[in-house]
Amino acid sequence: MRPRVTLKLATSLDGRIATATGESQWITGPEARLQGHRLRATHDAILVGVETVLADDPELTVRLQDYEGGHPLRVVLDSRLRTTATAKVASGNTLIITSAAPHAIGHAEVVTVAAIDSRPAIPAVLDALSARNIGSVLIEGGGRVAASFIQAGAVDAIEWFRAPILLGGEGRPCVAGLALAKLADAPKFRRLGVEPVGDDLWERYARV
Ligand SMILES: NC(=O)C1=CN([C@@H]2O[C@H](COP(=O)(O)OP(=O)(O)OC[C@H]3O[C@@H](n4cnc5c(N)ncnc54)[C@H](OP(=O)(O)O)[C@@H]3O)[C@@H](O)[C@H]2O)C=CC1
Ligand SMILES: Nc1c(N[C@@H]2O[C@H](COP(=O)(O)O)[C@@H](O)[C@H]2O)[nH]c(=O)[nH]c1=O
């Protein structure tokens, strides 16, 4: 069975995850980010694309007061192995999934999987996670990785934190191109709940 996939988004009102220059820290407020850490704590793995690693150098750990559980496995989709050994994720407890010939990157494990259009294919990524007993994965961006999982029909739920700011059309979209020709082909979700969290809004969706 493939892992359950949840897409977490932290966006402006107009669905942008960063400015055109890639600045994104922080769009949502501290309360929403705390909730993000609670979500991390309930997943076996946190997955991002390499552009997020290069832009943010994220830690991708659970940082909650009095938290004594383990940290989820950090997973990076990195077609050409551009993650550097000095990136925070290279310190260990990380799986880098590539479509290139593997080479060592810090203390991370590097695995090569089947590719579609020179990038790790999502079904192969999910197989690699299942093989490591990962039952649930939280996708934390960016927009291109989010689009690939949606196009593969692999997003089961969305946790959407929406901040009361506008970033405009030049900003980076939370979901990059889906190449949809018809409205009828749009992936559909049903709202499970909506609540304020600090100054932001937290919307929860499940796939229809
Ligand atoms: N506000 C938020 O919630 C978040 C904001 N961000 C921001 O988003 C920006 C980065 O997003 P974005 O540019 O979309 O990049 P991503 O983080 O989605 O990374 C995309 C890259 O991942 C690699 N990749 C490997 N396999 C796949 C695959 N199957 N599908 C798609 N990509 C794959 C590709 O590298 P290659 O080209 O080498 O093939 C691709 O270019 C940054 O500015 C960051 O700050 C990021 C996360 C969350
Ligand atoms: N910008 C943004 C988020 N960004 C996500 O958080 C990651 C940083 O994680 P860490 O280094 O562990 O703190 C970053 O790479 C991206 O995946 N999250 C949010 O809740 N709100 C925000 O405004």
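Among the elements of the protein, helix H2 has the lowest mean pLDDT (97) and strand S4 (residues 73-77) the highest (99); pLDDT is the predictor's confidence in each residue, from 0 to 100. Helices (H or I, at least four residues) and strands (E, at least two) are DSSP runs, numbered from the N terminus. This is a predicted model, in which local features need pLDDT of at least 70 and side-chain atom pairs count only at pLDDT 80 or more, while totals for chains, interfaces and linings use all residues. Residues are numbered from 1 along each chain as its sequence is written, and chains are lettered from A and ligands numbered from 1 in the order in which they are written.

**Confidence**
- The protein averages a pLDDT of 98, and 100% of the residues score at least 70.
- The model scores are ipTM 0.99 and pTM 0.98.

- An open sheet of nine strands runs in the order S6-S5-S4-S3-S9-S1-S10-S13-S12, with mixed pairing; two strands pair if DSSP finds at least two bridges between them.
- Strand S6 (109-112) and strand S12 (189-197) are the edge strands, each pairing on one side only.
- S3 and S4 pair in the parallel sense over five bridges, and Val75 in S4 is the bridge partner of Leu47.

**Shell around ligand 1**
- The shell around ligand 1 has 30 residues, of which Gly49, Glu51, Ser79, Gly141 and Gly142 come nearest; a residue counts as near if its C-beta atom, placed from the backbone, lies within 6 Å of the molecule.
- Elements giving two or more residues to this shell include strand S1 (4-11), strand S3 (45-49) and H4.
- The largest share, five residues, comes from H2.
- By class, there are 13 nonpolar, nine polar and eight charged residues; Ala, Val, Leu, Ile, Met, Phe, Trp, Tyr, Cys and Pro count as nonpolar, Asp, Glu, Lys and Arg as charged, and the others, Gly among them, as polar.

**Shell around ligand 2**
- Ligand 2 is surrounded by 19 residues, the closest being Ala10, Ile27, Asp56, Pro58 and Glu140.
- Helix H1 (30-41) and helix H2 (50-56) each supply at least two residues, and H1 gives the largest share, three residues.
- This shell divides into eight nonpolar, seven polar and four charged residues.

**Helix H4**
- Gly143, Val145, Ala146, Ser148, Phe149 and Ile150 are buried in helix H4 (residues 143-151), where buried means that 20 or more other C-beta atoms, placed from the backbone, lie within 10 Å of the residue's own.

Conventions. A residue is buried if 20 or more other C-beta atoms lie within 10 Å of its own, exposed if 12 or fewer, and partly exposed in between; C-beta atoms are placed from the backbone.
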